[in-house]
Amino acid sequence: MLRIAKNLYDYRELMVTLAWKNIALRYKQAYLGIVWAILKPITLMLIFTLVRSFIGIESGNIPYPILTFAALLPWTFFQESASDGVGSVVSNATLIKKIYFPREIFPITAVLTKVVELIINFVILAGLMLWYHLMPSIYILWVPLLIGYTILAALTIAFVGAALNVYYRDMAQALPVVLSLLMYVSPVIYPLRLVKDKLLVNQTAGEWSDTLYTLYTLNPLAGIIDSFQSVVLRNQPPDLAALTPGAIAIAVLLPLSYLYFKRAESYFADVI
Amino acid sequence: MSIIEVDHLTKEYRLGTLRSLKQTLLNGAAFLTGKKMPEAPLFKALDDVTFSIEQGEVVGIIGHTGAGKSTLLKMRAKISTPTRGTVKMNGRIAPLIEVGAGFVPDFTGRENVYLNGSILGLSRKEIDQKFDEIVDFSEMAEFIDTPVKRYSSGMQVKLAFAVATSIEAELLIVDEVLAVGDLAFQRKCFDRIEDMIKRQGKTVLLVSHNIRQVERLCNRTILLSRGKIVLDGPSHDVCNAFYEENDNKISNQKSIERKIQSTGEVELLEITCVNAAGKSISEVVYGEMVTVAVRLKTSKALEGPIFVIGIHTTDFVYIATITSHQEFRGRTLPTGVHEVRLCLPQLPLLPGVYSLRFSLDIGDPIKNVLYGESLSKFLVINNEIQRTSPACEGLIFLSGNQWSLDVR
């Protein structure tokens, strides 16, 4: 564990340089530049808001646009870092074939790159909060922790996905489909409260209700998104009960994912 | 202390295509049910290779294509993992394997220097310090803020080489990079590598097809063939053995690839070396007389022929060109088969494989009707001079030399 951390520390400059390369490259010849980073969550927010005006989703005392933007912020970050992480090894094939450094640098850098775009989205979120006169409380200090947790969740997918993608390019094709499905079972469009009410309070699914809710929160994004909304907008502490199942899942899966990646890594150059 | 220890290194590749996901699942199912699946044949790129390199040694690795040279380098650069055996290394390694890996076309030269530098393991501070030197060496100061995609390929390589050689490593792995850029730059690269070897005492591993280069730079050479070490010893001996093997291989090739351009008025039937008895031969003895005989078939009368016979090496270095000038200008070749002979009384070529070229010009104004290179190979042998003797370096022997020595 310590060895891994030290190794990564040794390569910190390379990671920063590669992340800088990713960002600079993406926006180098784009006229709008980094603005593209915020376009996706903003568009989705507008669409969801429009859809909501037809079907009606209970958003409590928080205005729906900002509630859904606060959900989209960690979600887009997770989704994009996971999918960039999965593609990161294959897209650096030329480097993999020619130079050695620990290969986990690629997925990790892909995720780090997304942090920059996340920060820009935070600026937009702050603007929206000003607009709706929402003041953050002390609980906002949870945010770095939640983002760190999201990074771990994204890496869990990125490591195993990137390694598999080297052998089976099906991975890169399947991932967007899986991730967009995952969005619907995450509280992005609707708040977690609705699910909780349906299952825990009304016991809609009968005796299966509690199990179903645990299954639902096994998705780390359920806890992340809800907690993020709570600490930023609702001025409440995070719902630890919703966070726990997902956190346990990540604690188990991340080491496995990493070990699989390290095992597969030695054959990347032969197969890629 | 040895810098590299390679111990019983074996690398196997499975021949054939990648297995699809479906095949993997099927294989998995077969494995679980205990059935045997047909295995793709294995290819041994490296077969039980063992050697070590000491501090300060300059080692060349030569061998034909597919002998395992690049695989060996990849193992050493930790890019690929051995199937069996181990590679142990002490110290920092600078792999100059295809320099410029990771150059981003959209980035400027300056940005790429930083990017490439950190990929190769330099810290930002180190790059800052060396930046001017890198730019200076690459001769790219003028274009350093231009995107690399606007560079010519030669310019890219110059920059890449400059970055790669700025790494202060104990071991330098060089793979064919000396063949980059224009002549002047090649010279500069060569000098830089030589400087690293001779003055900075670095350990260098050089992989090249350019045997002369290996011979000159390295004090020890390893000859690989089909994944195995065939020879490992002083460069001179190993390179000579490789030359001889090559000579045999080339002169044994029955079907020679001929490159002939003809207007159709004349056809080249045969071109060979013949001995005094007029018999066609493929081996010629150094210093003896040899005749080159060319048989031609003309489909119409050709006036005022000029014959040109040339000798070149198998890598197309022209050694000599002999033309008949005005000799037959007044003559006419009628329709039919003709033979033209050129007698070389004393062949000054040193042992090795050479090839013939031939050209025929006619008429006034002069017009070329036939031109061909690599038409017939012949082997020059010499049983008296050892191929390893210094007198055998080069291509020809100059006679009538006179030495003098003034001692003051």
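**A guided tour of chains A and B**

Begin by selecting B:S235, which lies in helix 8 of chain B, residues 235–252; helices (H or I, at least four residues) and strands (E, at least two) are DSSP runs numbered from the N terminus. The model is predicted, so local features need pLDDT of at least 70 and side-chain atom pairs count only at pLDDT 80 or more, whereas totals for chains, interfaces and linings use all residues. Residues are numbered from 1 along each chain as its sequence is written, chains are lettered from A and ligands numbered from 1 in the order in which they are written, and side-chain values use heavy atoms, with hydrogens and water left out.

**First stop: B:S235**

Is B:S235 buried or exposed? With a relative accessibility of 4%, B:S235 counts as buried; the term means under 20% relative accessible area, with exposed over 50% and partly exposed in between (1.4 Å probe, protein chains only). Next, display B:R220: its backbone nitrogen is reached by the side chain of B:S235 at 3.3 Å. To see the surroundings, select B:V214, B:E215, B:C218, B:N219, B:R220 and B:T221, with which B:S235 is in contact once neighbours within four places in sequence are left aside. Contact here means heavy atoms within 4.5 Å.

**Second stop: B:H338**

Move to strand 19 of chain B (residues 336–344), where B:H338 is found. B:H338 has 17% relative accessibility and therefore counts as buried. Which side chain makes a polar contact with the side chain of B:H338? That partner is B:T298, at 3.2 Å. A polar contact is a pair of N or O atoms within 3.5 Å; within protein, one must be able to donate a hydrogen and the other to accept it, and residues adjacent in sequence count only if both atoms are side-chain atoms. The side chain of B:H338 also reaches the backbone oxygen of B:P334 at 2.7 Å. Residues touched by B:H338, not counting those up to four places away in sequence, are B:V294, B:R295, B:L296, B:T298 and B:L333.

Colour chain B by secondary structure to show eight helices and 22 strands. Of its 408 residues, 46% count as buried. Among contacts in chain B between residues at least 6 apart in sequence, 73% link residues at least 24 apart.

**Fourth stop: the interface**

Display both chains and select the residues that meet: 29 from chain B are in contact with 25 from chain A. The two chains bury about 2,400 Å² between them, 64% of it on carbon and sulfur atoms; buried area is the accessible area (1.4 Å probe) that two parts lose on being put together, summed over both. On the chain B side, strand 1 (2–14), helix 1 (21–32) and helix 3 (109–119) each supply at least two of the residues that touch chain A. Helix 3 of chain B gives the most, with five residues.

Two residue pairs are in polar contact between chain B and chain A, both at pLDDT 80 or more.

**Last stop: chain A**

Along the principal axes, the C-alpha atoms of chain A fill a box of roughly 55 × 50 × 35 Å. Of the 272 residues of chain A, 49% count as buried.
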